[in-house]
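Subject: Handing over the structure

Hi,

Here is the structure I promised to pass on to you. Have a look at it first, and then read on for what turned up in it.

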Amino acid sequence: MTLQKDTIAALRFGLGFRPDQRGERDPDAMVAGLRAVAAARPIVDAAEDERLWTELQEFREAKKADRKNKSDERAAMIKDERRDFYRRLTRVWDASLARSVEAEHAFAERMARFWANHFSVSIKFPAHASRVAGFEDQAIRPHLAGRFSDMLQAATMHPAMLVFLDQNRSAGPSTKAAKREGLGLNENLGREILELHTLGVSAPYSQQDVIALAMLLTGFTMRGRQGSFVYRDEWAEPGRFELMGESFRGGSQQETLRALEMLATHPATARHIATKLAAHFVADEPPARLVEALEADFRRTGGDLASLSRTLLTHPDAWGPLGGKVRQPQEIVVAALRAAGVTAKTLEGRNDPFKGLTLQALKDMGQQVNRAPGPDGWPEASAEWINPGALAIRLEWAARMGEALAARQLDPREYAETALRDALDPQTAWAIAAAAEKREGFALLLASPDFNRR
Amino acid sequence: MSMDFSRRGLLKGGLTLGCSAAAYPLMSKVTFASAPGDNRLVVIVLRGAMDGLAAVGPYTDRDYLAMRPNLATSPERKGFDLDGRFALHEDLEALMPLWRAGELSFVHAVSTPYRDKRSHFDGQDALESGTEAESGGMTPSRDGWLNRALSLLPGAQATTAVAVGRDNMLLLDGRNPALNWSPDSDLQLSPQALQLFEMISARDPLFAAAAKEATQIDASLGMEGGPAKRVDARSLAALSAEMLRGDSRIAAFSLGGWDTHRRQEGTIRKPMNQLAAAIGELKTGLGPIWERTAVMCITEFGRTARENGSEGTDHGTGGLMIYAGGSLSKAAVYGQWPGLRASDLFEDRDLMPTDDLRRHAAWTLRTLFGMERGALERDVFPGIAMGQDARIFA
């Protein structure tokens, strides 16, 4: 069965159809969408950053103040402050979900998710959450149509990353500051940059390279425990360090950025990114020709992400039959709401008819926002997401979602057509129509392989 | 390796690949000649750091009562004598019959190698990943020791190990397939709709296998009054027992609420009652299989030896393991007691750990499932030396 180009575009490269949108299909427009999204107003802008920060400070101060006081009133006050802080965070997560639900530039949204997952940061403790919440908006999105190198730099210097991979507490072992403050070298960020962010684990780097990069990264830290990025000269290890056969001078922010640039444009990085991108969009084991084309593009441009996207979107092997991938929980939640034509307004506030079916459902399905299992992000392979237990949770969600959709007076047959168009298998369409109740019709669609694959 | 089937998986290239019988381990039970044996293991992770010094109080240690004016457990106060040296906390009273039957044991003053920062997050990560990492602030780990141990279990299938509940359990996360099922899981569809679902899943091998297994589990669990209304200690234990009566050999779940910084006598009651209820439910639910079962309770670290200024305890180091089950050799409090004088304490505040809890976990796996010592020391708990068996099991 040959599918319409629109269908492949919406399901493989987008977030699923909306009844009120035509959907993206033209590669040029999709690349232009990257620019539009990169320039769009972020959810976590400076003002929101400030509000998150303020809520966090209030929570912390409540905990700190009046420690001797063991009264229940004080405990209740701390609880209130904690709740306010998490409410603010939840608002950001809700807004981010709603942005995907409404998005016209769906490909750009998918790319933002892809890169945020590539540079995965997850919450380590409450104060860290306030930084992680803004990471995608601040370090990833502005560079969607820019250079990989710039995105690497922004991600590396973002406080969420500095804390996540312990860079904020890494100091050159021979520095006075290290002795005075009892700090030492922490290799964590250096290792993950090589292994996950740039060259990839199969590239020919050694422990010596890990140490060299970790040494060059000393000095990259932040003001206070959660402040903004700062380069601390007195923490930076001096000397020369050999990284992937090139020599860099320690104790200089410029030199460290030059090292990152070298890694960002390294041929191994081109291969790593090309493979990962194709695996994410097309198949767990992607077509070799597509990977080669992406790799060549990355090498030719030195990591121009607009060009890389265009190569992906114009390659014939990227438009083959659907079904090579399992949609991750975040994707099915967004696609289900899009097909219902839900707007951000519907999802706001107390009367949200989809309460418990979005953020909570993601947690139940094992993909809680900002809580990826590690620096390598969410697993990519289809089999990681579908096993008996996981499918049972998807089925439960589908059943509850079915109730919410039925309550909105939608027809499951029309809904299925909207959601999948010609990617809806006739047998699935038949089963939906054969269901005894509307809610079960919705549930069958939402749990079907048709809807859960792309 | 049998397990690799699932990872390379079918569907490398999508639906076009077609069906392959060996693609999903659930589909290929017949290809496994050996079975993982008859013994059962339940691991309960006590999240929040259980106060081992309250649960099993060293009431004959002369420093104990002095450092815990409100929170000491002794036969005279809030406790039941165990062996003339230690006393069991009164909120665990329901476990006393097990002690008398030789089905309850403890290992005192144990810990993981995790030290100093006393973060729950890092401590639990260390506990479940089973690695050597000593300091906090590490990157969250990718797999748990119980998952790695599945590689050493002959004939393990996707239902052999089950993580029970809604919590993500690093302990069972990893390369080897393990089931995750919650007591309140409910496919919520009518039998007719489930049939339709199986029909539309049939042409997708990955979904078909998972759907078949899920509906089977759902149906088999439905026999006892359907899914639980709530996820609590009792329902977690009941579901674990039910799975272990079937194909499963290993179950793991978490019980929280142990972070008792304030007014511990009040706040510890619920988690202790829950723990006792869970173990009781396991014994009841397992019936005759209890004889071949070991329940192992572990926690990320202990709590401060001295009580704090708000009648609670803060994060510590040396902690307590609890064992229950018909497979135990006797009732005993194991472990090398370090003493509680200021100089005996770790950093003048915590019970000094005198043993690595991973060693006991390794011996447990070895005894129950015959796993090889070399593989346990290399792959499951890299870097540990198993040393002498404490002979906790018969």
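Two residues are counted as being in contact if their C-beta atoms, placed from the backbone, lie within 7 Å. Please keep in mind that this is a predicted model.

Let's start where the two chains meet. Chain B brings 46 residues to the contact, and chain A brings 44 residues. On the side of chain B that touches chain A, four elements of chain B supply at least two residues each: helix H1 (4-8), strand S7 (179-181), helix H7 (191-201) and helix H8 (205-221). Which of them gives the most to that side? The answer is H8(B), with 8 residues. Sorted by class, this side of chain B holds 21 nonpolar, 16 polar and 9 charged residues.

Next, chain B by itself. Chain B has a domain 1, made up of 30-185 + 227-273 + 297-304 + 320-394, and a domain 2, covering 186-225. Taken over C-alpha atoms, the centres of domain 1 and domain 2 of chain B are 34 Å apart. Where these two domains of chain B touch, 6 residues of domain 1 are in contact with 4 residues of domain 2. The domain 1 side of that contact in chain B has 2 nonpolar, 2 polar and 2 charged residues.

Two packed helices are described by the angle between their axes and the distance between the axes.

From H10(A), Leu189(A), Gly190(A), Arg191(A), Ile193(A) and Leu194(A) meet Asp209(A), Val210(A), Leu213(A), Ala214(A) and Leu217(A) in H11(A). The residues of this contact comprise 7 nonpolar, 1 polar and 2 charged.

The other pair is helix H4 (residues 72-102) and helix H16 (residues 329-339) of chain A, with axes that come within 8 Å and cross at roughly 55°. H4(A) and H16(A) are therefore oblique to each other as well, and their crossing is right-handed. Leu97(A), Ser100(A) and Val101(A) of H4(A) make the contact with Val334(A), Leu337(A) and Arg338(A) of H16(A). By class, that contact has 4 nonpolar, 1 polar and 1 charged residues.

Enjoy exploring it!

Best wishes

Terms used:
Residues are numbered from 1 along each chain as its sequence is written. Chains are lettered from A and ligands numbered from 1 in the order in which they are written. This is a predicted model: local features need pLDDT of at least 70, side-chain atom pairs count only at pLDDT 80 or more; totals for chains, interfaces and linings use all residues. Ala, Val, Leu, Ile, Met, Phe, Trp, Tyr, Cys and Pro count as nonpolar, Asp, Glu, Lys and Arg as charged, and the others, Gly among them, as polar. Domain bounds come from an automatic or database domain assignment. Axes are lines fitted to C-alpha atoms, for helices over the stretch in contact, and angles run from 0 to 180 degrees between N-to-C directions. Angles under 35 degrees count as roughly parallel, over 145 as roughly antiparallel, 65 to 115 as roughly perpendicular and the rest as oblique. A crossing is left-handed if the near helix is turned anticlockwise from the far one by less than a right angle, and right-handed if clockwise.
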